[in-house]
Amino acid sequence: MSEFQLYCFAESGNAYKAALMLELCDLDWSVEFVDFFNGETKTPQYRENVNELGEVPVLVHRKKSFTQSGLILNYLSEFTGKFGPANKTEEHEILRWILFDNHKFTSYMGTRRFFLEFMKTGDTDVSRFLEERILGALEVVEKHLENRRFIATSSLSIADISMCGYLYYGDELRIDLDKFPNVTAWTKRIAATDRWKHPYDLMPRAIAS
């Protein structure tokens with residue numbers, strides 16, 4: 001058995017954050033596929049035995065389970081000594097951007113993508129509201145990246161890994177990222193990192209392509 005097991009599926013950007021971190025750190029990990037679209041996370045078995053929150057990702061390491069992508073990234077950074085802060089100032093800055101991501105950045109992207117791409121709702125008042133919030137958050141990040149290569153520190157950190165979680169799904173996002181050249185350049189820098197992989201190359205898809 002591998003040292004780390006990750007409960008995940010490829011369409012989940014939050015699972016991708018954890019999977020990408022495991023891969024970038026060259027850790028011994030394996031996938032525990034979660035059949036999300038057929039309701040596995042809603043079953044009593046999943047909630048009792050895997051995650052009471054009914055979500056992915058879930059990381060299992062040394063018989064301990066960790067949930068929430070931000071916590072998983074932090075745990076893996078502490079365990080490996082990689083992609084973390086060099087001092088308290090950087091620690092606080094990384095945390096600041098992970099919280100921003102979870103509240104205002106990829107959280108909105110993931111919700112809107114789920115409605116449009118998977119629920120096939122078509123454009124609605126809700127999706128338009130989410131689009132406005134996404135564009136506003138992208139403008140914040142675009143300005144922040146004007147004179148820096150990465151989000152929180154001078155090199156790649158778990159803040160970047162968290163915030164890029166949904167940005168590699170291409171047309172599924174239905175957002176024109178070309179309008180944000182600093183953001184686009186930043187995602188290319190991350191993708192140039194050794195061992196980087198696209199989410200659909202790291203985890204099995206729950207919906208056939």
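This is a predicted model: local features need pLDDT of at least 70, side-chain atom pairs count only at pLDDT 80 or more; totals for chains, interfaces and linings use all residues.
User: At what angle do α4 and α6 cross?
Analyst: Helix α4 (residues 88–104) and helix α6 (residues 125–144) cross at roughly 160 degrees, and their axes come within 11 Å. Helices are DSSP runs of H or I with at least four residues, strands are runs of E with at least two, and both are numbered from the N terminus. Axes are lines fitted to C-alpha atoms, for helices over the stretch in contact, and angles run from 0 to 180 degrees between N-to-C directions.

User: Are those two parallel or antiparallel?
Analyst: Helices α4 and α6 are therefore roughly antiparallel to each other. Angles under 35 degrees count as roughly parallel, over 145 as roughly antiparallel, 65 to 115 as roughly perpendicular and the rest as oblique.

User: Which residues meet there?
Analyst: From α4, the residues are E93, W97, F100 and K104, and they meet R133, A137, V140, V141 and H144 of α6. Contact here means heavy atoms within 4.5 Å. By class, this contact of α4 with α6 has five nonpolar, one polar and three charged residues. In this scheme Ala, Val, Leu, Ile, Met, Phe, Trp, Tyr, Cys and Pro count as nonpolar, Asp, Glu, Lys and Arg as charged, and the others, Gly among them, as polar.

User: What else does H144 touch?
Analyst: Not counting residues up to four places away in sequence, H144 touches E93, W97 and I151.

User: Next, α4 and α5. How far apart are their axes?
Analyst: The axes of α4 and α5 are 4 Å apart, and the helices pack at an angle of about 25 degrees. Helices α4 and α5 are therefore roughly parallel to each other. In this pairing D101, N102, H103 and K104 of α4 meet T106, S107 and Y108 of α5. The residues of this contact divide into one nonpolar, four polar and two charged.

User: Which residues of α5 are buried?
Analyst: In helix α5 (residues 106–118), the buried residues are T106, Y108, M109, G110, R112, R113, L116 and E117. Buried means under 20% relative accessible area, exposed over 50%, and partly exposed in between, with a 1.4 Å probe and protein chains only. The buried residues of α5 pack against α1 (13–24), α4, α6, α7 (158–163) and α9 (199–202).

User: What follows α5?
Analyst: Helix α5 is followed by K120, whose phi is positive, near 55 degrees. K120 lies in the loop between α5 and α6 and is exposed, with a relative accessible area of 57%.

User: And K63, where is that?
Analyst: K63 lies in the loop between β3 and β4 (64–67). K63 has a positive phi of about 70 degrees, although it is not a glycine. K63 is exposed, with a relative accessible area of 86%.

User: Where is the cis peptide bond?
Analyst: The cis peptide bond joins V56 and P57, with omega about 5 degrees. P57 is found in the loop between α2 (44–49) and β3 (58–61).

User: Is S65 in a helix or a strand?
Analyst: S65 is in strand β4 and is partly exposed, with a relative accessible area of 45%. Leaving aside neighbours within four places in sequence, S65 is in contact with V58, L59 and V60.

User: Last one: is Y16 buried or exposed?
Analyst: Y16, in helix α1, is buried, with a relative accessible area of 0%. Leaving aside neighbours within four places in sequence, its contacts include G165, Y168, W196 and K197. A polar atom of the Y16 side chain lies 2.7 Å from the backbone oxygen of K197.

Notes
Residues are numbered from 1 along each chain as its sequence is written. Side-chain values use heavy atoms; hydrogens and water are left out. A polar contact is a pair of N or O atoms within 3.5 Å; within protein, one must be able to donate a hydrogen and the other to accept it, and residues adjacent in sequence count only if both atoms are side-chain atoms.
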